Protein chains: 6
Amino acid sequence: MKVITFGEIMLRLAPHGYYRFTQAQSFEATYGGGEANVAVSLANYGIDVAFVTKLPSHKIGECAIQDLRKYGVDTSLIIRGGERIGIYFLEKGASQRASQVIYDRAHSAIAEATTADFDWDHIFKDVDWFHFTGITPALGSNVADICLEACKKAKEKGITISCDLNFRKKLWTSKEAEHTMSQLMEYIDICIANEEDAEKVFGIVAQDTDITAGSLNHNGYIQVAKQIVERFGCKAVAITLRESISATQNDWSAMLYTDNQAYFSKKYAMHIVDRVGGGDSFGGGLIYAMLQKYSPQDSIEFAVAASCLKHSIEGDYNRVSVEEVETLAHGDGSGRVQR
Amino acid sequence: MKVITFGEIMLRLAPHGYYRFTQAQSFEATYGGGEANVAVSLANYGIDVAFVTKLPSHKIGECAIQDLRKYGVDTSLIIRGGERIGIYFLEKGASQRASQVIYDRAHSAIAEATTADFDWDHIFKDVDWFHFTGITPALGSNVADICLEACKKAKEKGITISCDLNFRKKLWTSKEAEHTMSQLMEYIDICIANEEDAEKVFGIVAQDTDITAGSLNHNGYIQVAKQIVERFGCKAVAITLRESISATQNDWSAMLYTDNQAYFSKKYAMHIVDRVGGGDSFGGGLIYAMLQKYSPQDSIEFAVAASCLKHSIEGDYNRVSVEEVETLAHGDGSGRVQR
Amino acid sequence: MKVITFGEIMLRLAPHGYYRFTQAQSFEATYGGGEANVAVSLANYGIDVAFVTKLPSHKIGECAIQDLRKYGVDTSLIIRGGERIGIYFLEKGASQRASQVIYDRAHSAIAEATTADFDWDHIFKDVDWFHFTGITPALGSNVADICLEACKKAKEKGITISCDLNFRKKLWTSKEAEHTMSQLMEYIDICIANEEDAEKVFGIVAQDTDITAGSLNHNGYIQVAKQIVERFGCKAVAITLRESISATQNDWSAMLYTDNQAYFSKKYAMHIVDRVGGGDSFGGGLIYAMLQKYSPQDSIEFAVAASCLKHSIEGDYNRVSVEEVETLAHGDGSGRVQR
Amino acid sequence: MKVITFGEIMLRLAPHGYYRFTQAQSFEATYGGGEANVAVSLANYGIDVAFVTKLPSHKIGECAIQDLRKYGVDTSLIIRGGERIGIYFLEKGASQRASQVIYDRAHSAIAEATTADFDWDHIFKDVDWFHFTGITPALGSNVADICLEACKKAKEKGITISCDLNFRKKLWTSKEAEHTMSQLMEYIDICIANEEDAEKVFGIVAQDTDITAGSLNHNGYIQVAKQIVERFGCKAVAITLRESISATQNDWSAMLYTDNQAYFSKKYAMHIVDRVGGGDSFGGGLIYAMLQKYSPQDSIEFAVAASCLKHSIEGDYNRVSVEEVETLAHGDGSGRVQR
Amino acid sequence: MKVITFGEIMLRLAPHGYYRFTQAQSFEATYGGGEANVAVSLANYGIDVAFVTKLPSHKIGECAIQDLRKYGVDTSLIIRGGERIGIYFLEKGASQRASQVIYDRAHSAIAEATTADFDWDHIFKDVDWFHFTGITPALGSNVADICLEACKKAKEKGITISCDLNFRKKLWTSKEAEHTMSQLMEYIDICIANEEDAEKVFGIVAQDTDITAGSLNHNGYIQVAKQIVERFGCKAVAITLRESISATQNDWSAMLYTDNQAYFSKKYAMHIVDRVGGGDSFGGGLIYAMLQKYSPQDSIEFAVAASCLKHSIEGDYNRVSVEEVETLAHGDGSGRVQR
Amino acid sequence: MKVITFGEIMLRLAPHGYYRFTQAQSFEATYGGGEANVAVSLANYGIDVAFVTKLPSHKIGECAIQDLRKYGVDTSLIIRGGERIGIYFLEKGASQRASQVIYDRAHSAIAEATTADFDWDHIFKDVDWFHFTGITPALGSNVADICLEACKKAKEKGITISCDLNFRKKLWTSKEAEHTMSQLMEYIDICIANEEDAEKVFGIVAQDTDITAGSLNHNGYIQVAKQIVERFGCKAVAITLRESISATQNDWSAMLYTDNQAYFSKKYAMHIVDRVGGGDSFGGGLIYAMLQKYSPQDSIEFAVAASCLKHSIEGDYNRVSVEEVETLAHGDGSGRVQR
């Protein structure tokens with residue numbers, strides 16, 4: 001069983017603890033990005049997974065590769081070249097103060113890559129699953145072209161394709177997103193979204209429901225998933241449901257919609273250590289569960305438990321084992337010391 | 001529009017994270033003090049503000065100045081001389097364990113300054129607002145004399161004067177405070193206090209109300225403000241209302257009383273990163289709002305939102321922008337990542 | 001008044017903050033162990049206390065001694081020799097992610113000590129109280145023999161003996177524990193346990209009660225204590241009651257059973273900084289209160305308040321003063337800054 | 001007396017201590033660039049100096065400004081706009097291992113600025129000295145155009161112009177450099193160079209001398225300076241002479257050539273803490289000395305002593321006072337503690 | 001071309017900077033060991049290399065594996081099991097104060113491994129070179145047996161075998177070493193030693209030469225190498241020559257003896273950052289050079305330049321590229337910044 | 001054998017590494033002072049030593065005590081009271097940049113102590129040696145009075161008295177020093193000084209010798225010692241000889257003059273880690289050697305080797321063992337790793 005994820009990996013620079021940018025005398029340097037994060041999740045679960053991207057041939061590019069390799073991700077398909085690695089600055093929020101992200105990712109090697117850089121026939125050799133997110137085509141029409149080429153080739157080879165819509169308003173407009181994503185959705189088997197993506201990308205909203213009402217509207221999410229399935233023919237739609245009480249306290253749950261049936265997970269009240277990569281860790285958990293042929297209910301529970309744990313871990317990557325996820329999914333969230 | 005704040009800035013030495021003093025192998029070194037904190041708040045909001053004090057001519061004194069200058073505070077009026085900079089040691093509390101403050105501020109340059117050190121005619125040139133707190137006159141009768149001289153000169157020039165009562169039992173007794181503060185109150189237009197100051201300084205308590213009752217007693221606070229206005233003739237009284245559930249969890253709101261009317265803010269449930277300077281950031285927010293001629297309700301909401309954010313920020317200073325305060329004051333406290 | 005505690009002190013290696021092991025580029029190095037932790041608690045309360053153990057003669061062994069000495073523990077009775085100091089790796093959990101402990105304590109100097117290493121006649125000179133925990137005999141039958149010898153000698157000298165059952169499933173089985181602890185219980189005056197120990201060690205469970213029910217079952221704990229008293233003849237049994245909501249949030253209270261009467265403490269809702277050593281700090285508080293002849297109710301309140309504070313302190317040791325504990329026990333848990 | 005420096009300021013990201021990039025879990029974040037470094041030097045000497053550049057309007061851009069402001073540099077002339085701040089990664093070398101610099105400065109706000117961004121009439125109001133380096137025109141022909149415009153305007157206003165050739169082979173070729181710098185040299189009064197720049201930019205080498213011979217060839221450097229003066233009509237040429245024994249040990253001296261006379265400084269044997277910014281601190285010292293009308297010998301001694309001290313200071317900026325430079329220049333390099 | 005190295009990898013715990021053990025509040029945690037260090041060197045040079053050992057299945061064992069994998073070492077042949085990972089504590093010396101090493105490696109997984117743990121037929125599939133050091137058989141006779149079995153199998157398959165004598169007096173006596181190593185030497189093609197190993201292990205000393213004389217005795221080292229070749233029939237003997245001026249300053253060179261000819265390298269005057277792993281990096285460089293069929297002189301220059309660079313790098317591993325080594329070997333040790 | 005040292009212990013606040021004050025976001029917090037440093041040296045050598053001072057009863061005062069206790073110094077004679085603990089800020093120099101010390105020690109508890117605070121009869125019970133330095137009487141005439149009282153009592157009891165002149169120009173003038181020290185010298189058996197103290201305090205200079213000449217003038221130092229002996233009747237005079245090449249490189253040696261004979265030590269070329277406390281560690285070494293009845297030559301070698309090692313250790317205290325000092329004194333300064 002082999003998985004390919006494709007996208008951008010960035011250098012993440014974050015002040016220590018809860019320092020604001022202006023207080024930072026140093027930045028914690030880690031690496032991450034939607035699809036790289038999914039790759040690390042899967043490698044931690046013991047899946048054979050390769051991350052595909054383009055990175056400059058200098059030492060910082062190499063650091064990103066070494067970090068992926070450390071966690072067991074196959075980096076042998078990464079193309080070296082281009083001018084720079086994308087960077088993002090992250091200031092962690094707390095209580096009523098929101099986290100801030102400053103992107104410095106324009107002109108990165110992958111953002112300036114072309115279809116000529118990637119040989120998908122070679123990349124997809126013996127591959128079962130292909131994953132990318134809406135961030136990747138948003139990097140530029142050249143990268144959207146690469147995604148399209150990859151999707152076509154994957155479909156041709158009978159590879160399952162999953163995509164996390166991951167709308168980023170700093171990268172493109174809803175109109176641009178809809179235009180590009182609609183083309184790609186044709187090829188996508190599993191569509192992942194958060195509570196806002198469907199509206200931001202496809203203008204799909206639940207009818208006759210008030211999404212801002214006190215409690216989450218289960219029926220509304222079902223309708224959204226249904227419309228996605230109907231419009232694009234996906235086999236399954238998974239939607240994460242984040243309720244932000246503050247930057248420190250979030251509730252977290254999700255729904256999996258497949259075969260005309262909706263499966264809702266347990267809801268976790270989380271004290272947040274680092275929420276970046278939370279959605280990606282959900283994707284990683286879901287892909288793992290589906291590769292293992294878990295039931296829909298078990299799949300959504302695994303994915304939500306996995307991503308709940310991510311929120312307690314520093315950095316983009318979800319550094320948890322299958323055993324830890326299962327323990328939580330099966331009910332022990334008490335955080336007792338094991339000794 | 002120009003603001004002057006006057007008082008002491010200290011070197012603050014705090015163990016990292018939640019270490020107790022006895023565990024500290026190093027101290028985080030920042031700078032702060034009631035009036036310096038207000039100056040930084042205002043500078044961050046784009047106000048032209050100068051901080052007036054006396055600091056020794058050695059390098060640590062210069063560090064304090066550089067730190068203020070970094071945030072855009074005008075430091076050109078600071079007098080250099082004297083023996084030492086005041087120091088305070090701060091041990092951050094958590095959960096049921098309270099924060100500890102050890103003052104080592106006696107004999108500081110400002111505590112030993114005299115009226116001859118400050119030329120208020122020069123300092124108050126083209127100034128609109130003058131702010132100080134009850135800590136400054138508490139440093140010694142010599143410093144109280146300087147305050148009195150400054151107040152007289154400010155009044156003479158038609159400058160608005162605000163004062164935060166800020167009672168410190170480690171600096172003086174209630175009796176001493178009342179004696180000195182009563183003289184100064186004559187000149188003060190805007191009086192700021194926390195839920196205990198009025199009683200500790202002036203013995204003003206709400207009649208027929210039980211302040212220790214479960215919920216905060218709105219009527220009681222109104223009565224306190226009324227009495228202050230009646231006794232000293234202030235134009236407005238602002239009272240912050242802190243409900244300490246633990247060192248980690250506080251509720252935070254405030255009241256502004258002006259023109260015989262009380263305005264209560266929203267209440268925030270805060271997860272605390274650093275609560276020192278919380279009151280000062282309220283003062284900074286209030287002065288800004290008043291300088292901008294906000295309505296009383298908008299003023300108190302701005303001041304409370306500003307100070308709510310401060311509790312999520314390390315160090316005495318409130319490093320937030322007008323935009324961030326407005327976002328919170330207008331309702332988004334969800335702490336969602338912006339990207 | 002002099003106290004002896006006897007057991008193992010280990011080097012504790014923990015990643016900074018909430019880092020997982022895999023993210024650690026350095027480990028915070030502290031020292032701790034059930035009985036050493038109790039010794040430090042008592043020294044902080046001003047009690048003359050010596051910790052007895054065996055430590056290798058190399059520099060890391062000396063570091064452990066220096067750390068105890070710093071807090072005022074008498075280390076002059078520690079035997080030097082053997083091959084290594086026990087080590088444990090601690091990864092601090094957060095939210096739904098549990099803390100992880102990896103023991104590397106086999107072959108430590110104390111685990112390979114023999115009865116010939118300790119001269120209890122000398123050690124117990126002018127001693128009033130002897131304390132150890134169930135971890136010590138679990139280190140090996142040789143160490144259980146030392147415990148038995150110590151207990152006999154202590155009893156002979158009329159020294160009060162306390163023992164915290166502290167069952168560790170990574171050190172021995174319930175069967176082994178029961179066999180060894182039953183012999184030792186004969187000598188024990190004060191038995192301390194957490195909500196699971198009595199069952200894990202002696203198979204004592206409350207009859208006709210559902211321990212997993214929503215609220216803690218007071219009656220059940222009384223029955224457990226009663227059975228311990230009946231079976232082993234202890235003078236008092238203290239049971240700590242931890243309710244783990246998550247790794248970040250715990251409720252904490254306890255019961256003291258003595259003279260056929262149960263005394264329940266207040267319950268604290270704790271935001272956890274570091275929960276390792278929480279039980280030991282309870283033991284330290286209880287021994288102090290009993291040495292001071294506090295009433296049973298005051299004793300259990302002191303012990304619970306002491307251990308509640310421990311949860312807000314980094315490291316195994318409870319670095320609090322009698323005054324701080326009393327302040328909390330008598331009601332101020334608001335965490336307000338003192339200044 | 002007012003000085004303007006113009007160029008790029010970058011975010012500098014450097015692993016702690018002697019870590020290689022691959023070992024860095026965090027980067028020390030400071031700011032620097034040839035002309036910003038000179039500005040900070042001058043501000044530290046009490047000179048009224050403004051740094052002119054273009055920086056993005058985001059928070060990291062603001063951090064660069066705050067850092068300059070902290071040291072007293074006037075930042076009010078900095079234009080905000082553009083996409084990004086230039087970044088450079090620095091890995092500090094030691095012993096036989098050389099320091100590594102990775103530039104990520106393309107597309108920075110200043111590199112994409114145009115002549116329309118800067119109003120030199122306004123900038124040069126009441127200015128006495130204008131300084132830039134060869135790095136600035138190397139950023140692109142658009143920036144070279146800005147330099148040319150600035151030089152013309154400065155000349156017109158009778159402002160002294162200094163330029164440090166600062167050849168950077170990663171930014172342009174010798175041919176490109178010669179083409180552009182030759183135009184600019186017309187306007188330059190004081191030309192600063194290191195031991196290689198003259199050859200790399202203008203192909204000027206000393207005739208009949210072996211530059212690689214054991215000891216530095218004084219005569220050769222005089223010839224080089226002479227040729228520069230003859231070709232471009234500068235009033236003075238200053239050349240720094242670095243002898244790299246290893247990344248840890250350098251010898252450092254310089255020559256000032258003016259009025260047909262060469263003045264050589266003392267030579268310092270330096271143990272290097274951080275050599276980046278060494279040349280800039282020389283420029284800062286030289287400009288200060290010339291503004292103060294020091295004799296040529298005193299000027300070169302001040303500039304070399306200033307830059308010698310820089311090598312003992314972390315970060316690009318030279319954080320030393322006039323007094324410290326004078327003490328060294330006048331002979332005390334013993335490093336004795338002052339107490 | 002594939003290389004196998006076999007031995008122990010330990011967790012290395014070192015106080016930061018030049019702190020003594022007693023000052024350490026945290027330990028830098030890295031991983032290293034003679035043969036693991038060689039493996040990382042080779043992986044950095046682009047060689048396909050696997051490290052073989054046994055590590056416990058817990059998380060700290062996994063950290064060691066992840067660290068090797070990060071640098072590109074094949075870890076798929078590592079056996080998981082056993083009780084613990086070996087640990088060593090390192091206190092870095094400076095000036096006249098020597099570095100201290102405290103071993104806590106007894107009972108490690110590899111020290112208690114048996115011949116049944118390793119299937120050398122499988123391990124040596126398509127392998128060209130096998131490397132181990134004298135530390136490995138010193139771990140115990142069981143491990144010496146594994147080494148012997150490996151050597152026999154390697155010889156049988158025509159694999160080149162190299163061994164670094166690496167005498168450790170804390171692991172075994174000279175007598176034990178001679179007994180065991182003599183058996184193994186039969187199989188060894190390339191013997192590496194430092195200036196003391198030959199005497200400590202085999203009692204081989206240069207005749208008629210005074211090794212303690214001021215300058216290193218070239219002839220003496222040639223005689224030692226000759227005797228090793230004559231006694232054991234090795235194809236080549238390499239001897240590193242360290243001259244310790246202080247813990248901060250060492251001179252470093254080496255000799256390669258092969259085909260009756262001695263080749264001496266340049267000598268480097270090193271300012272030491274971290275000297276642990278210096279010898280291993282020499283081994284890694286030598287193996288690389290020999291695999292590349294460098295001439296003997298080029299081989300010894302490459303090996304010495306590689307290990308010279310290691311002394312400037314923190315941690316056991318030599319994190320340098322072939323290009324960096326070649327640059328130094330061919331003469332540039334000036335440590336100039338590349339930009 | 002019991003030793004008493006008496007003086008001030010201060011909180012030392014130092015930026016990390018080679019940061020200047022202006023770069024410090026945190027300060028390393030350690031404790032030290034001339035006589036406390038000697039006490040720690042002696043405790044490390046196994047001597048029973050108590051440090052006598054007065055410290056405020058707050059937590060920072062307690063930290064100083066805990067730090068001394070950690071190293072085995074008897075702190076039971078320390079008086080608690082007064083307002084503050086003295087502080088000094090230390091900026092470590094490097095290369096040509098000198099270390100800077102800023103004292104903030106006025107008004108400390110010991111500086112304001114009176115003779116009534118110390119009961120020398122009690123303190124000197126069973127004591128053999130009393131040590132203080134010239135810093136202590138320089139704190140104020142009240143403290144000089146305490147010193148005089150202590151000296152008289154010590155003499156009365158036949159206790160050996162040693163004093164390190166330790167002239168501090170920031171504390172008093174040469175004239176004041178001479179006045180006070182001359183009185184105290186009557187009681188002093190062993191006088192310690194550095195190369196400048198004798199002149200600064202007593203105006204004693206070597207006749208007919210040029211102290212600034214290239215090499216140290218042995219004869220000059222002998223004359224100085226002789227004059228001290230003749231004028232005050234000391235039994236021995238020890239003079240340390242520091243040759244400051246730079247803040248990073250010093251040569252270090254010393255002379256002991258006793259019974260009309262001068263003994264010069266070896267000279268060490270030191271690479272400096274931290275030179276503060278260097279003189280005190282010499283005093284500690286000398287007292288130890290004299291207590292052990294070493295020969296004069298062995299005594300001076302021990303004292304110089306001890307203090308040479310101090311220069312490689314962070315913080316004021318000399319954390320070395322007798323064994324380490326002996327190893328160096330007997331010739332091994334090669335800094336080789338022991339393993």
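Modeller: In chain D, strand β2 (residues 10-15) runs antiparallel to β3(D), and 6 bridges join the two; strands here are DSSP runs of E of at least two residues, helices are runs of H or I of at least four residues, and both are numbered from the N terminus. Two strands count as paired if DSSP finds at least two bridges between them. One of the partners is D:G32 in β3(D), which is bridged to D:M10. This is a predicted model, in which local features need pLDDT of at least 70 and side-chain atom pairs count only at pLDDT 80 or more, while totals for chains, interfaces and linings use all residues. Residues are numbered from 1 along each chain as its sequence is written, and chains are lettered from A and ligands numbered from 1 in the order in which they are written.

β3(D) also pairs across a chain boundary: 3 bridges join it to strand β3 (residues 26-32) of chain A, again antiparallel. There, A:S26 has D:E28 as its bridge partner. Of the 7 residues of strand β3 (residues 26-32) of chain D, 6 are buried, so the strand is largely enclosed by the rest of the structure. A residue is buried if 20 or more other C-beta atoms lie within 10 Å of its own, exposed if 12 or fewer, and partly exposed in between, with C-beta atoms placed from the backbone.

Chains B and F also pair through their β3 strands. β3(B) and strand β3 (residues 26-32) of chain F run antiparallel and are joined by 3 bridges, with B:S26 opposite F:E28. The contact between these chains takes 20 residues from chain B and 20 residues from chain F; two residues are in contact if their C-beta atoms, placed from the backbone, lie within 7 Å. On the side of chain B that touches chain F, β3 (26-32), α2 (59-70) and β8 (100-104) each supply at least two residues. The residues of that side divide into 9 nonpolar, 6 polar and 5 charged, where Ala, Val, Leu, Ile, Met, Phe, Trp, Tyr, Cys and Pro count as nonpolar, Asp, Glu, Lys and Arg as charged, and the others, Gly among them, as polar.

Chain A has another enclosed element, helix α1 (residues 34-44): 11 of its 11 residues are buried, so the rest of the structure largely encloses it. The buried residues include A:G34, A:V38 and A:N44. Just after α1(A) comes A:G46, with a positive phi of about 90 degrees.

In chain C, helix α2 (residues 59-70) is mostly covered, with 9 of its 12 residues buried. Among them are C:I60, C:C63, C:D67 and C:K70. After α2(C) comes C:G72, whose phi is positive, near 90 degrees.

Chain C also touches chain A: 22 residues of chain C are in contact with 20 residues of chain A. On the chain C side, these are 7 nonpolar, 10 polar and 5 charged.
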